Amino acid sequence: MVQDFLTVIVGGEAGHGVKKSGNVISILMNELGRYVFEMDDYQSLIRGGHNFSVVSSSTSPVYSHYMSADIIVCLDKRSVDIHKDRLKDGGTLVYNADTVTLDSGTGLPMKTWIKDIKGIPLMAGTIGVAAVSALCGVEFSFLERIFKANYPRGLEANVELARMVYERMKDDEGKFELATAETPPGHLLAGNEAIALGAAAAGLDVYIAYPMTPASTVLHYLAALSKKLGIAVVHPETEIAVVNMALGSAYAGARTAVGSSGGGFALMHEAFSLAGMSETPLMVILASRPGPSTGVPTYTGQGDLDFALNVGHGEFPRIVLSPSGTNQAFEKAAELLNLVWKFQVPGILLTEKHLGESWMTTIIDPESVKVTKPILYDGPLEQYGRYEKTDSGISPMLYPPAKGTVVKASSYEHDQKGITTEEAGKIEEMQEKRYRKEKAIVEEMRDLLTITTHGEGSTSLVTYGSTTLSALEAVKNVDDVKVVQVIYLRPFPDWALWEALSDSEVIVAELSVSGQFENLLRSEGFDVSAHIRQYDGRAFDPPELAARVREAIQ
């Protein structure tokens, strides 16, 4: 029987090639014309510990991972102990027969085979890919083509291992006959890659960051593509250096973004306010992970929402938005970079590990992105005032060097010319000028996608960020429930949310112990009937979330 939906788990130690194995299985499924969602679970270790990748695929869009699997490949004994109970009825467990003996499943002498070909432990993952491929009935020549593209080093040895697997598993070959299509439905991208490409499409000139999981891959990705994209990528010594360099770069007219996780962004705190006072456009990619402090750096969480909404001293307008999948991450990253330059404010793209490091089938059109030019000054230079009062609060920009005038940027309160002041009237005047932008941003947002609604129902499962992905899968199995995602978190699009919720009961799902998102909704005047919270560093498993939604409705 042809099978549409399939989930594969590959587990092993760091150093067994688990993540590579998951990536290659995802590529294989995509090449078979199937939509893919891949989640990688790994500890903050170079070697040892337990890592696993979950790949869910189908001929229709897949928005999140499933922890119950059709095929589980265990490269070590610990993986068997952890995952064996996740095997579906009729599923197949493939295990390393050199490290464990089981009464059922398919044992492969992985360690022995790798030793026989004088390979390295990393090749255990290759055996996992070949086992999944054989079980799915993939022709060996097709797998060999995938290997050529993804194992450029040691290709012959990897192909030899794959032949051993196919020979040993020939009785089970094609057990999971898959529904396929002639062409891949899209490209495979991780969320951080989509964010990077979205910013690049909107004219990003400079990206500056200090590595911090789960934001680091934005830095790595852009660094690898810097020449092709024409973007300067800089890795300074600290996050404080990062943000101060970024402000200087933007002051000189370069579209600039920075990225970090909570601890790193905390170090940027003071300069974030400087962006507010100096009205310097600054895009921040804030990839949330469970805290406080170092927390659990390679896992996911949404505990930085309040931080993003309130970071900075004093009062100044800002934009905070949080995308869900890779398509939206691309679009909203481009949109945010345009907005911060149009309104000359700092903006935060709030994301999480579940989006940033998960691979998804992505359909984007870079040509669809329009670069919004900032309002530039074109009058007599001797009359230029960097902080000229306007009805919108937006003062025309001018970049240094400008012969005949000085382009001011001040952390101190100032007048329209940028000259520091402590006069009461001028302080009030500038505070009001900056805050007029808040109203202008809201008016701009009325024409943007600030809320998304998926499906219909008398109950609304309200989410934000990557929790939306789990919710979209969960409601496939719950009647009369729609998913409402809040994309813009500040300014808060209450007009759009009132319309989306229209007389429905509200259940809030989020990855927070204190319910920060629920508190935000309540502060904006929305009633919440029930909440579903998870704060163990893991994204919601869709079937488990569906069960909790049904329980909440009752």
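Which residue stands opposite Gln485 in β17? Thr463 does. The model is a predicted one, where local features need pLDDT of at least 70, side-chain atom pairs count only at pLDDT 80 or more, and totals for chains, interfaces and linings use all residues. Residues are numbered from 1 along each chain as its sequence is written, and side-chain values use heavy atoms, with hydrogens and water left out.

Strand β17 covers residues 481-486; helices (H or I, at least four residues) and strands (E, at least two) are DSSP runs, numbered from the N terminus. Two strands pair if DSSP finds at least two bridges between them. Strand β16 (residues 459-463) runs parallel to β17, with five bridges, while β15 (residues 451-454) runs antiparallel to β17, with four bridges. Gln485 in β17 is also the bridge partner of Thr452. Six of the six residues of β17 are buried, that is, under 20% relative accessible area with a 1.4 Å probe and protein chains only (exposed is over 50%, partly exposed in between). Val481, Val483 and Gln485 point one way from the strand, and Lys482, Val484 and Val486 the other way.

Next come the nonpolar cores, each a set of buried Ala, Val, Leu, Ile, Met, Phe, Trp, Tyr and Cys residues joined through side-chain atoms within 4.5 Å. The largest has 61 residues, and those with the most contacts inside it are Leu204, Tyr207 and Met283. Helix α13 (residues 326-343) gives the most to this core, with ten residues. Apart from this core lies another, of 50 residues, among them Val94, Phe147, Leu188 and Trp359. Beyond its neighbours within four places in sequence, Tyr207 is in contact (heavy atoms within 4.5 Å) with residues including Val218, Leu222, Ile231, Val258 and Ile285.

The whole structure has two cavities of 30 Å³ or more. A cavity is a set of points on a 1 Å grid over the protein atoms alone where a 1.4 Å probe fits but cannot get out, and lining residues have an atom within 4 Å of a point. Points are joined across faces, edges and corners, and a volume is the space filled by probe spheres set on them. The largest cavity holds about 80 Å³. Its lining has 14 residues, the closest to the centre being Tyr251, Glu279, Thr280, Arg386 and Met397. The second largest cavity holds about 70 Å³. Among the residues lining this second cavity are Asp41, Tyr299, His354 and Arg538. Strand β2 (35-41) and helix α14 (353-356) each supply at least two residues of that lining, and the largest share, three residues, comes from β2.

Methods: 1 Å grid on protein atoms, 1.4 Å probe; cavity = no way out; pocket = protein on both sides within 12 Å on 5 of 7 lines; lining within 4 Å.
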